[in-house]
2 protein chains.
Amino acid sequence: MALIIQKYGGSSVADADKIKNVALRIAKAKAEGNNVVAVVSAMGDTTDELIHLAQQISEYPEEREFDVLLSTGEVISSTLLAMALGNLGCKAVSLTGAQAGIHTDSNYNRARILRVNTERIISELNKDNVVIVAGFQGVTSNMDITTLGRGGSDTTAVALAAGLSADMCQIYTDVEGIYTADPRLVPHTSKLDRIGYEEMLEMASYGAKVIHPRAVELGELYNVPILVASSFSDTPGTIICKEASMDMEVKNKVTGIAHDTNVAKITVVGIPDRPGVAMTIFEPLARANISVDTIVQNASTEKITDLTFTVTQDDLYKAMSIVEPVANSIGGKQCVADSTLAKVSIIGSGMQNTPGYAARMFHALSEQSINIQLITTSEIRITCIISRDSVKDAVQVLHRAFELESV
Amino acid sequence: MALIIQKYGGSSVADADKIKNVALRIAKAKAEGNNVVAVVSAMGDTTDELIHLAQQISEYPEEREFDVLLSTGEVISSTLLAMALGNLGCKAVSLTGAQAGIHTDSNYNRARILRVNTERIISELNKDNVVIVAGFQGVTSNMDITTLGRGGSDTTAVALAAGLSADMCQIYTDVEGIYTADPRLVPHTSKLDRIGYEEMLEMASYGAKVIHPRAVELGELYNVPILVASSFSDTPGTIICKEASMDMEVKNKVTGIAHDTNVAKITVVGIPDRPGVAMTIFEPLARANISVDTIVQNASTEKITDLTFTVTQDDLYKAMSIVEPVANSIGGKQCVADSTLAKVSIIGSGMQNTPGYAARMFHALSEQSINIQLITTSEIRITCIISRDSVKDAVQVLHRAFELESV
C-alpha cells in the first residue's frame with residue numbers, strides 16, 4: 001500500500017463545488033489502494049480577506065496575532081474537505097498544523113519547519129482515515145501558531161512526505177506542469193515530463209511560480225519525488241526528481257527559459273574601493289530582510305568604484321531608503337534606481353560543463369537588439385538583466401534558439 | 001490588583017470599529033490597574049456564514065469537523081481584538097481554547113468543560129499581557145477541537161473566572177442588564193441591580209436570552225459574581241450573585257416575568273395506564289437528544305390515559321416522528337401536536353414559602369380571558385402554558401399584577 005501526499009492550492013478549493021471535486025480525486029486515490037494525506041491551502045481569496053480584516057484594525061498588526069489569524073483560512077478549507085470526503089463515504093479527519101505535528105521555529109510569518117511529529121497522522125492512517133492537513137502553518141515549542149510564508153502549503157506537503165517517508169508528493173494546482181517557458185509569453189511551449197530539483201529551483205526562483213522554492217529544496221534534501229499537475233484535469237504533470245532523464249540531457253542541455261519582471265536595480269556611484277564597503281551597504285539591507293540578488297562591482301579607477309545590485313521591485317523603495325544614507329556616510333556621490341527591469345534565464349543541468357551556451361544566449365538576444373545590462377550565472381543557469389519591455393521578445397527568441405518548441 | 005474576566009458577544013465585535021471600541025474598554029480596565037482576561041465570540045454573522053459553508057458541502061457534516069470549522073470564528077475575532085489592543089499600546093496576546101487550557105469531553109457541538117489548565121494564561125498575565133481567549137471552544141485529551149454549543153462563550157468566561165479565582169466575571173452584550181420582563185413586550189420594565197443565580201437560571205431558561213444558563217449554573221457552583229451589562233454604554237448592568245439584596249426580598253418576592261415562545265405540545269391519546277409506558281415514550285426522545293419539558297398525565301379512566309408533554313418548537317417535527325410509532329406500538333389512539341403555544345412565568349426566590357402567588361397569577365390571567373393549558377412550578381417559579389397569541393397581554397398583565405413597573 002503506497003502512501004501519497006497530495007497538496008491542493010487555493011484555486012483548487014476555491015468554492016464548495018471545487019472542494020467536492022478535490023474530494024472525488026482523493027477518494028479515487030484512496031479507492032485505488034493508497035493511503036492518502038492531503039494538504040490544503042485556504043480557499044481562493046480567504047487569505048487576502050483575512051489580511052484586509054487585519055488592516056482595518058491595525059496598520060502594523062502584531063506578527064504573532066497575524067499568524068493565528070491567517071492560519072484559520074487553511075483550517076476552514078481542511079474541515080470542509082474532510083466533510084466532503086465523509087459525504088462520499090470516505091472516512092477522513094482534518095488536522096491543524098499543530099495537531100499534525102508540524103513543529104517550527106518562532107519566526108512568525110516565515111517560520112521554518114524544525115521537525116514533523118508524525119504520531120497523530122500515522123494513528124489516523126492506521127484507522128483507515130484519509131488525513132487532511134491544514135497547510136501553511138505549524139506550532140512552536142510553546143504551542144504558539146506560526147505560518148510558513150506564502151507558498152507554505154507546498155512546504156508542508158513536502159515536509160510531511162519526508163517525515164512519513166511517502167512514496168510520492170503530488171502538488172495539484174491550476175497549471176498542468178512545468179513548461180519550457182511561460183505559456184502566456186511563448187506560443188509553442190512544451191510540458192516537461194521530468195525536471196531535476198536544481199533546475200526546478202532555478203525555474204521557480206526565476207519566475208515560474210508553480211511550486212515554492214523551499215518545498216523543492218526540502219524535496220531535494222530528503223529525495224522526495226514531487227509531481228506537479230492540474231487538479232482540474234487528468235493530464236500527467238511534471239515530476240521533479242533527482243535527475244532529469246538521460247535522453248533529455250543528451251539532446252538538449254537547456255531545460256527551460258525562465259523570466260521574472262519583479263526586478264529593480266540600484267547603483268551606488270562613486271564610493272571608495274576599500275575593504276568593508278560592501279559590508280557597510282549590505283548589512284543593513286540584510287537586517288531589513290531585503291534579499292539582494294545580482295551584485296556587480298565595476299573595475300576601480302583611482303580607488304573609486306560603482307556598485308550595482310538588484311532587489312525585487314517590491315523592496316526597491318525600502319532598499320533605497322536604507323542605502324542612500326549609508327552611501328552618503330561613506331562618501332558616495334549618488335544612488336540611482338532603475339525599476340523598469342526584468343530577468344531572463346536559460347536553465348539546464350550540466351550546462352556549465354558544455355561551452356557555448358552563454359555565447360548562444362547573448363547572440364540570440366543581440367539579434368533582437370536586446371541590450372544586456374547585467375549578467376549572472378550559476379552552475380545550471382545563465383541570467384541576463386534586460387529592459388522590462390523586452391521580456392516577451394527575449395523569452396520567445398531564447399525558446400526558439402535553444403530548440404524548446406513543441407513539435 | 002483585581003483580576004477581571006470580560007466576555008464580549010458577537011454583536012459587540014461585529015466589525016472593525018466595534019472591535020476597536022471593545023479594545024478601548026479593555027485598555028481602560030487595564031489602565032485602572034486590573035489584570036484582564038477577555039473572552040470573545042465570533043464576529044456578528046461569522047458562525048452563520050461558516051454553517052452555510054458546511055451546508056454547501058454536506059447535509060450532515062461530520063460533527064468533529066463541524067466543530068473545528070466553527071471554532072475558527074472565535075479565533076479570528078480574538079486575534080483581531082489582540083491587534084486592536086496592540087495598536088493602543090496595550091500588550092495583548094490571543095489564545096485559542098486549546099492554548100487557554102479549556103479541556104472538555106468529546107461531545108462535539110455541545111462539549112462540557114472538564115477542567116481549566118490556567119498555566120499559560122497566568123504566565124501571560126505575569127508578562128503584563130491582556131489575554132484574549134477565543135470563546136465557545138475547548139480541546140479533548142486527544143487534542144481534538146470541540147465547541148461548547150451556542151452561548152458557549154459565556155460558559156468559557158465563567159469557567160475561566162472560576163479557574164482563575166477572578167474577582168468578577170463581566171458579560172458584555174447588546175442589552176443593559178436583566179429586566180423585570182422583556183422590554184420589547186412591556187412598556188415600563190425596570191432593570192434589576194442584582195438577581196440570584198437560581199432566579200437568573202429560571203429567567204434565562206424561560207426566554208431571557210441574555211446569558212447562557214450553563215454559564216449561570218457554573219457561576220453558582222463556583223460562586224463567581226457575574227455582571228451583565230452593555231458593551232455600547234457605561235450604564236451599570238445587573239449583577240448575578242449568591243442572593244438578591246434583602247430589601248428586594250421583603251418588598252416583592254417576584255423578581256421578574258419571563259416568557260418563551262419556542263414551545264410546542266404533544267398529546268398522546270388513549271394509552272394504557274400501566275408501569276413502563278412513560279419510559280417507552282421518553283427513552284427514545286432522550287436518545288435523540290430532545291429535551292422534554294412539562295409532562296402531565298391525566299387521571300386514568302378504565303386504565304386508559306392521555307399523556308401530554310412539551311418540547312421546543314424546533315424539536316416538534318423530530319419528536320413527533322419518534323413518538324408516533326412508539327405510541328402506536330403500545331396501542332395509543334393518536335398523537336396530537338400543537339405548535340401555537342408559549343410559556344409565561346413569574347420568578348422570584350422564596351416565592352414558594354409564601355402562599356398566594358399562584359392564585360394571584362391565575363387571577364390576573366383570567367381577568368384578561370387568557371386560558372391556561374398546562375401549569376408547572378419550581379421552588380422559585382410558576383409557569384403557565386398559554387396560546388402564543390396571548391403572550392404579550394399575559395406578560396404585561398403579570399408585570400402590572402406583581403408591581404414590577406418602574407416609577
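This report walks through a predicted two-chain model, from its chain pairing down to a few single residues.

## Ground rules

Since the model is predicted, local features need pLDDT of at least 70, side-chain atom pairs count only at pLDDT 80 or more, and totals for chains, interfaces and linings use all residues. Residues are numbered from 1 along each chain as its sequence is written, while chains are lettered from A and ligands numbered from 1 in the order in which they are written.

Two strands count as paired if DSSP finds at least two bridges between them.

## How the two chains meet

For contacts, the rule is that the C-beta atoms of two residues, placed from the backbone, lie within 7 Å. On that basis chain A puts in 26 residues and chain B puts in 26 residues. On the side of chain A that touches chain B, the elements giving two or more residues are α1 (16-31), α2 (46-57) and α3 (63-87) of chain A. The largest share, 13 residues, comes from α3(A). By class, this side of chain A has 15 nonpolar, eight polar and three charged residues. The classes work like this: Ala, Val, Leu, Ile, Met, Phe, Trp, Tyr, Cys and Pro are nonpolar, Asp, Glu, Lys and Arg are charged, and the others, Gly among them, are polar. The copies meet through the same surface, because 100% of the interface residues of chain A are also interface residues in chain B.

## The mixed sheet of chain B

Chain B has an open sheet of eight strands, in the order β3-β6-β2-β1-β9-β11-β12-β10, with mixed pairing. At the edges stand β3 (92-95) and β10 (194-196) of chain B, each with a single partner strand, so one side of each is left without a neighbour in the sheet. From one strand to the next, the twist averages 20°; axes are lines fitted to C-alpha atoms (for helices, over the stretch in contact), and angles run from 0 to 180 degrees between N-to-C directions.

Inside this sheet, β1 (residues 3-8) and β2 (residues 35-40) of chain B run parallel and are joined by six bridges. One of the pairings sets Ile5(B) against Val37(B) in β2(B). Helix α3 (residues 63-87) of chain B packs on the sheet, touching β2, β3 and β6 (130-134) of chain B, and its direction makes about 160° with that of β6(B).

Chain A splits into domain 1 (3-250) and domain 2 (257-401), with bounds from an automatic or database domain assignment. Their C-alpha centres lie 32 Å apart. The contact between them takes 15 residues from domain 1 and 18 residues from domain 2 of chain A. On the domain 1 side, helix α6 (residues 197-205) of chain A gives the largest share, four residues. That side has seven nonpolar, three polar and five charged residues.

Chain A also has an open sheet of six strands with antiparallel pairing, ordered β14-β15-β13-β16-β18-β17. Its edge strands, β14 (295-297) and β17 (374-378) of chain A, pair on one side only. Neighbouring strands are turned by 25° against each other on average, direction ignored. Strands β16 (residues 334-347) and β18 (residues 381-387) of chain A pair over seven bridges, and Leu341(A) has Ser387(A) as its bridge partner in β18(A).

## Residues worth a click

Burial goes by C-beta atoms placed from the backbone: 20 or more others within 10 Å means buried, 12 or fewer exposed, and in between partly exposed. Phe136(A) lies in the loop between β6 (130-134) and β7 (137-139) of chain A, with a positive phi near 75° despite not being glycine. Phe136(A) counts as buried, with 30 C-beta neighbours inside 10 Å. Ser165(B), in the loop between α5 (152-163) and β9 (168-173) of chain B, also has a positive phi, of about 50°. Ser165(B) counts as exposed, with 10 C-beta neighbours inside 10 Å.

Val158(A) sits in helix α5 (residues 152-163) of chain A and is buried, with 31 other C-beta atoms within 10 Å. Leaving out residues up to four places away in sequence, Val158(A) touches Cys169(A), Ala215(A), Leu218(A), Gly219(A), Val224(A) and Ile226(A).
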